[in-house]
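Try each task before you read its solution.

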Amino acid sequence: MPDANPTLRPPDGVPFLQIRKLVKDFGGHRAVDDVSIDIARGEIFALLGSSGCGKTTLLRMLAGFETPSAGSIVLDGRDLAGMAPYESPMNMMFQSYALFPHMTVWDNVAFGPRRSGLPSAEVAERVDAMLRLVQLSAYARRKPHQLSGGQQQRVALARSLAKKPQLLLLDEPLGALDKKLREETQIELVNIIEEVGVTCVMVTHDQEEAMTMASRIAVMSEGRFLQVGRPSEIYETPANRFVADFIGNVNLMDGTLTADASDHLLVRCADVTHRIAKRDAQPGADGSPSGTVGQAVSVALRPEKIRISRDAPQVLDDEPAGDFNRVRGTVKDMSYFGSYTVYHLQLASGLALKISASNTERHRAQPIDWGDTAWASWSPHAQVVLNA
Amino acid sequence: MSAPSSSSKGSGHGRLAVIGIPYFWLLVFFLLPFLIVMKISVSEMDEVTFRDILSFDQGRPVLALRFDNYLTLLRDDLYLLTYLASLKYAAVTTLLCLAIGYPFAYFMARARSTLQPALLMLVMLPFWTSFLLRVYAWKALLTEHGWAADAIRAIGLDRLLFRANLIPGPEQLMNTPFSLVLGMTYTYLPFMILPLYSNLSKMDLRLLEAAADLGATAWIAFWKITVPLSKAGIVAGSMLVFIPCVGEYVIPELLGGPQTQMIGRTLWDEFFSNNDWPMAATVAVAMVLLIIVPLALFNKVEAETLEARR
């Protein structure tokens with residue numbers, strides 16, 4: 001099966017930021033490897049990957065802190081490659097903020113506008129407007145160390161927006177906040193960015209942050225884009241094993257393609273035969289999958305798309321008869337998370353199938369417990385076929 | 001927080017020792033001698049000894065305090081002028097050390113991390129030779145055919161110094177304000193560099209990136225971010241240079257001239273030439289007060305701003 005091409009075009013509108021064949025070498029190490037992407041005006045675009053994947057280097061090239069080894073960055077028709085940071089029409093919100101510790105909140109926010117040589121009345125007006133936007137007017141005279149983490153984050157945002165940048169760069173914007181505050185701040189941050197209407201490129205290693213905030217996500221590994229798409233596309237139709245595994249939880253099963261019919265595929269794995277409805281089997285980029293019968297493939301199946309039951313599952317009306325998409329195993333492990341429970345079902349081959357079950361009722365009539373034998377089953381619309 | 005306090009209670013004796021030993025040291029070797037010097041400064045002088053300030057006349061204690069010396073100090077401009085000269089040379093030396101030391105410390109702190117220990121070593125290397133020897137070396141270097149004197153003449157610096165009234169004639173470098181300040185700057189430069197280096201090397205360089213991102217050129221970022229953030233290092237270095245310079249005796253004695261009477265030399269003369277110990281003690285007390293009072297005020301202001309920032 002051919003690799004799905006990353007979606008290069010923005011979902012709508014003309015490209016505002018065009019990155020073409022961008023490369024960055026550090027000595028012998030290629031940190032960013034031939035990256036091209038178009039980003040539309042008003043988008044919040046997330047670069048998602050684990051540390052060392054090149055996402056920060058890419059962001060630093062956009063900000064002008066690193067000079068690209070090759071390629072171009074064009075923002076609204078202007079080539080930015082190699083432009084000094086103090087000249088570039090973008091501003092960055094730094095990881096853990098880099099607020100100036102010796103200046104008040106007000107002076108921190110005013111630092112950018114003052115450098116543009118605006119008259120002081122205009123600087124004051126803009127700083128006051130920014131502080132109102134992030135609801136910190138009352139804290140204008142404080143120093144950064146007198147603020148909480150969330151307030152510092154808002155000062156950093158106000159400071160990076162105060163010069164009215166054409167492009168806002170966010171480096172791990174919420175990385176320094178604790179989990180509960182992070183969730184609240186995600187929404188707040190998106191609201192402010194949308195209110196200002198600035199186009200935004202963010203870097204994060206936190207997939208939830210990327211999913212909730214971004215309009216599109218690029219999953220990066222080893223300096224390359226593995227997949228670019230809306231959060232739901234990345235999650236539901238991952239382009240390859242890495243993306244499937246990196247985003248959320250997944251069960252990956254290796255098997256052989258045994259049938260390629262007009263509306264479905266059959267993949268024989270060690271424990272189970274998968275019947276996969278064709279329109280859902282593969283990411284939309286290159287249409288329906290077609291493979292050679294006998295080819296080795298992987299089937300990706302998300303834990304929440306599997307039902308677990310004590311008894312053999314009933315074959316539903318809209319599902320074809322036959323022994324597909326169900327398997328029996330022993331509950332080896334169980335983790336209770338409150339709103340859902342994750343079961344690890346040990347199959348005959350030794351594979352532990354992860355199943356996530358919503359706890360829709362407070363008590364189950366017949367709870368499934370450690371050591372129980374249980375059935376796992378799923379619909380033919382649940383899986384994705386990937387290259388092995 | 002009960003856990004840390006209970007553990008600190010357990011090591012109470014250790015804490016007492018850690019705090020107590022330096023205090024004890026200061027008490028025995030600073031406060032007591034200072035009190036003795038103060039006592040001498042208000043004592044009556046006999047032939048070669050001074051009288052006790054407290055005597056007993058038929059069982060009644062008699063306190064004999066003489067404040068004449070302090071009055072002399074105020075009346076005779078010699079003392080006032082030498083104090084002012086000391087402050088002036090110390091201030092000039094401090095500024096020169098700052099002007100030379102800051103760029104040095106800055107580039108040392110920004111040098112490759114593998115290079116930094118070597119650079120630090122170079123700064124401290126002069127300490128391995130006797131201070132006296134090094135000052136004597138300058139004497140040789142600055143006399144008529146010394147290397148430094150030849151070099152200064154070769155580039156015409158001596159004429160510039162003469163025009164600035166720092167040397168009495170174009171070829172006379174030794175025993176001038178110039179040689180004095182040169183010697184003090186040379187000697188005290190490491191005391192400026194080390195605290196500045198320690199401060200600058202700890203600076204968060206992302207702040208400079210943030211400044212650049214917001215439109216500041218490297219020059220503006222330096223003045224708006226680096227310099228204000230290194231204030232503590234500047235203050236510490238300046239104190240370490242200024243305070244010993246005010247009371248410096250050896251360098252003015254060896255490199256200074258008749259023009260450059262500093263308080264250290266006046267002190268020496270009172271003790272050993274005039275043999276007037278009470279007067280010498282008075283000069284010493286005045287010098288300590290002159291340095292300590294502004295410093296204490298400065299520290300108080302600093303502490304208050306620190307407190308206000310909390």
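This is a predicted model: local features need pLDDT of at least 70, side-chain atom pairs count only at pLDDT 80 or more; totals for chains, interfaces and linings use all residues.

**Exercise 1. Find which domains chain A is assigned and how far apart the centres of domain 1 and domain 2 are.**

Now look at where they meet. Domain 1 of chain A puts five residues in contact with eight residues of domain 2 of chain A. Sort the domain 1 side of chain A by class and you get two nonpolar, two polar and one charged.

**Exercise 2. Work out the strand order of the six-stranded open sheet in chain A and name its edge strands.**

Walk across the sheet of chain A and you'll read the order 6-7-8-3-9-10, with mixed pairing. The edges are strand 6 (90-93) and strand 10 (224-229) of chain A, each with a pairing on one side only. From one strand to the next, the twist averages 20°.

Zoom in on one pair. Strand 7 (residues 167-171) and strand 8 (residues 199-204) of chain A run parallel, joined over five bridges. Here A:Leu170 faces A:Met202 of strand 8 of chain A.

**Exercise 3. Decide whether helix 4 and helix 5 of chain A are roughly parallel or roughly antiparallel.**

Then bring in helix 5 (residues 179-196) of chain A, whose axis comes within 12 Å of that of helix 4 and crosses it at roughly 20°. Angles under 35 degrees count as roughly parallel, so helix 4 and helix 5 of chain A are roughly parallel to each other. Their crossing is right-handed.

Who makes the contact? On helix 4 of chain A, look for A:Gly150, A:Gln153, A:Leu157 and A:Leu161; on helix 5 of chain A, for A:Leu181, A:Thr185, A:Leu189, A:Ile192 and A:Val196. By class, this contact has six nonpolar, three polar and no charged residues.

**Exercise 4. Describe the side of chain A that touches chain B.**

Count both sides: 16 residues come from chain A and 15 residues from chain B. Strand 6 and helix 2 (105-115) of chain A are the elements giving two or more residues to the chain A side. Helix 2 of chain A has the largest share, with three residues. Finally, sort the chain A side by class: nine nonpolar, four polar and three charged.

Methods. Residues are numbered from 1 along each chain as its sequence is written. Chains are lettered from A and ligands numbered from 1 in the order in which they are written. Domain bounds come from an automatic or database domain assignment. Two residues are in contact if their C-beta atoms, placed from the backbone, lie within 7 Å. Ala, Val, Leu, Ile, Met, Phe, Trp, Tyr, Cys and Pro count as nonpolar, Asp, Glu, Lys and Arg as charged, and the others, Gly among them, as polar. Two strands pair if DSSP finds at least two bridges between them. Helices (H or I, at least four residues) and strands (E, at least two) are DSSP runs, numbered from the N terminus. Axes are lines fitted to C-alpha atoms, for helices over the stretch in contact, and angles run from 0 to 180 degrees between N-to-C directions. Angles under 35 degrees count as roughly parallel, over 145 as roughly antiparallel, 65 to 115 as roughly perpendicular and the rest as oblique. A crossing is left-handed if the near helix is turned anticlockwise from the far one by less than a right angle, and right-handed if clockwise.
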